[in-house]
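Hi everyone, thanks for coming.

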Amino acid sequence: MILRVVVSLLGALTLVLASPIAAGSPPVVVIDPGHDLRANLETEPIGPGSATRKIKDGGGTSGVVSGTTEAELNLAISLRVRALLGRAGVRVVMTRTRTSGTSIGNVARARIANRADAALFLRIHADGATSAAARGSHTLYPALRPGWTDDIHTDSRAAARTVQRELVRSLGFPDRGLQERADMTGFNWADVPAILVEVGFITNPKEDRALATEAYRARAARGICRGALSYLRLPPASC
């Protein structure tokens, strides 16, 4: 009995010491609300040293019913996630806090996360499709590309898995699962674990109407927060 108690106490002590917050150094999460007021059609290398270039930002989509731009929705959810993570003791850095200008592009967004030495680069988006029937939430993470993402691939996939699980549980949209992406500039330039959450399709009338409400935006933020905290090995109940 005494041995079991000692082992239990040692296990609890290990968890406390492993927690960045308990150790006095709060983890940093960089939240990236996708897009901005205006698209940016300039180009940038898809990865360090690459001759392949992509436009910096195509501008995102818009709600088929609400008319809300993706940039506005992304920011509204991101600000809620910031507040929730902040209450949990996480230090949050935002790539933008208002929708007011031309998008800075994806290399610049990744560099913000790199400079912050983020424990997680959390990119928040909404999806669009040519078919109004397309529905659901999914989470993207970097494909394994030697020299670019080999140092963040495994951790990014783990983060994507936990955030996707909690987002679907909280929001209730269909689960479209995880998707590896080799073509995303923001991933290829990241030196820290990075994921991109597509909360739902605002080209779908049902999901657009839901995400136009404060209640569903709060649900999305709560799920993303719980997933991020779980990945960071912090109590998700804080959300």
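Let's begin with two strands: β1 (residues 28-33) and β5 (residues 120-127) pair in the parallel sense over five bridges. Here strands are DSSP runs of E with at least two residues, helices are runs of H or I with at least four, and both are numbered from the N terminus. Two strands count as paired if DSSP finds at least two bridges between them.

A word on the model: it is predicted, so local features need pLDDT of at least 70 and side-chain atom pairs count only at pLDDT 80 or more, while totals for chains, interfaces and linings use all residues. Residues are numbered from 1 along each chain as its sequence is written, and side-chain values use heavy atoms, leaving out hydrogens and water.

Back to our pair: Asp32 stands opposite Arg123 in β5. Now zoom out: the open sheet has six strands in the order β4-β1-β5-β8-β6-β7, with mixed pairing. At its edges stand β4 (91-94) and β7 (175-181), each with a single partner strand, so one side of each has no neighbour in the sheet.

Where is the disulfide (cysteine sulfur atoms within 2.5 Å)? Cys225 and Cys239 form it, with their sulfur atoms 1.8 Å apart. Cys225 lies in helix α7 (residues 214-231) and Cys239 in the segment after α7, so the pair ties together parts 14 residues apart in sequence. A search of the whole structure finds one disulfide, and its link is left-handed, with -70 degrees about the S-S bond.

Technical notes. A disulfide is a pair of cysteine sulfur atoms within 2.5 Å.
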